[in-house]
Every structure is written in C-alpha cells, then in structure tokens.
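Work through the exercises below with the sequence and coordinates at hand. Each task is followed by a stepwise solution.

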Amino acid sequence: MRHWSDIGVVAPVTRTGAGYRRYDADAVARLRLARALRELGMGMAVIRDVVGERRDLAEVAGAHADAIEARIATLQLQLAVLRSATHRRPDIEELTTMTDLARLPAAERDAIVHGFVARTMRDVCPSPYREGIFAATPGLPGEPTAEQAAAWRATSPGRWRRPPR
C-alpha cells in the first residue's frame, strides 16, 4: 500500500528502529489536510501543491467548487432528460434532440428560449412591453419537471423543433 510520504505529500520526521514512520504535530496537520482534500475529490498533484504551500487553499477550493457546480448542472440536465423520457416515452429522434439540447452551454439554451419569445412576440407593440416579456422569460430550471423539459424543447427553433405528440 502506498503511503502519503511515498508520493511526496508529507515526509515523516523520523523513523523508529523497526521502520515505522513518526510525524510531528505539523506533519500530522498536513496529513489531515491531505486526507480532507482527497475526500473532497482533489487529485494528488493539487494536494501536493496545497500541502507544500505552492498553491493557495482558498483558490484551489474555489476552482474545485466551480467544477463541482458545473458537474451538478450537467447532471441535473441529464436527469431532466431521463425523467422526461421516463414519463413521455419519446422516440429515438426526440430523445436525441433532448440530449443535444441538454449538452448546449447555458447561454445557447437561453438564446433558444429568447429566440422563441422573439418570434412569438414579433408583432407585439410597444417595445417596452416586449422588453418586459424578455426580462421575465425564465430559463430551464435546475431541476425541471418532465413537462418543463418538454415545453423547453418545444420552444426550440429550426432543427430542434419537433411537432407535439
């Protein structure tokens, strides 16, 4: 079994006559930090840099949190597609379309909804009313229901639009 000291994270202060590693209080604190970072999903290179004080813990934690948030958002969209598929029983083309939509960056998904509202409201005047509608246009929620996902898909232009069932 590899040990933290074997991979350059924390070196033991001394060894006993029998070869056991001995650590002082500072080394134990660094080992505890290394274990905490590992349990939070950080890789060994990052852990070595933080424990060795070559990278700032707050900066690393912020970047890792951002990556987790992005992953959660992706998982929520995947979940929405799967829940919608469970309830709607889409054909292969519809499931593929929904998956393609979920894979788009958030800005592109928002542009699709904005484009739908713009096409729908093109003859509505006055302009401030239209702008109010645009400002109040919601995006796809973080945990959309199957109905919300289906409505969002139906608002899509061109190649994304599918006739309602």
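**Exercise 1. State the accessible surface of the protein and the share that belongs to carbon and sulfur atoms.**

Step 1. The accessible surface is about 11000 Å², by the Shrake-Rupley method with a 1.4 Å probe, where for residues only the protein chains shown count as cover.
Step 2. Carbon and sulfur atoms hold 57% of this surface.
Step 3. Of the 165 residues, 25% are buried (buried is under 20% relative accessible area, exposed over 50%, partly exposed in between; 1.4 Å probe, protein chains only).

This is a predicted model, in which local features need pLDDT of at least 70 and side-chain atom pairs count only at pLDDT 80 or more, while totals for chains, interfaces and linings use all residues. Residues are numbered from 1 along each chain as its sequence is written, and side-chain values use heavy atoms, leaving out hydrogens and water.

**Exercise 2. Give the order of elements and describe how α1 packs on α2.**

Step 1. The protein has 7 helices and 2 strands, in the pattern β-β-α-α-α-α-α-α-α. These are DSSP runs numbered from the N terminus: helices are H or I with at least four residues, strands E with at least two.
Step 2. Helix α1 (residues 25-39) and helix α2 (residues 44-51) pack at about 145° with axes 10 Å apart. Axes are lines fitted to C-alpha atoms, for helices over the stretch in contact, and angles run from 0 to 180 degrees between N-to-C directions.
Step 3. On the α1 side the contact has R30, L33, A34, L37 and R38; on the α2 side, M44, I47, V50 and V51.
Step 4. By class, 7 of these residues are nonpolar, none polar and 2 charged (nonpolar: Ala, Val, Leu, Ile, Met, Phe, Trp, Tyr, Cys and Pro; charged: Asp, Glu, Lys and Arg; polar: the others, Gly among them).

**Exercise 3. Is E53 buried or exposed?**

Step 1. E53 lies in the loop between α2 and α3 (57-88).
Step 2. E53 is not a glycine, but its phi is positive, about 60°.
Step 3. With a relative accessible area of 70%, E53 is exposed.

Technical notes. Contact = heavy atoms within 4.5 Å.
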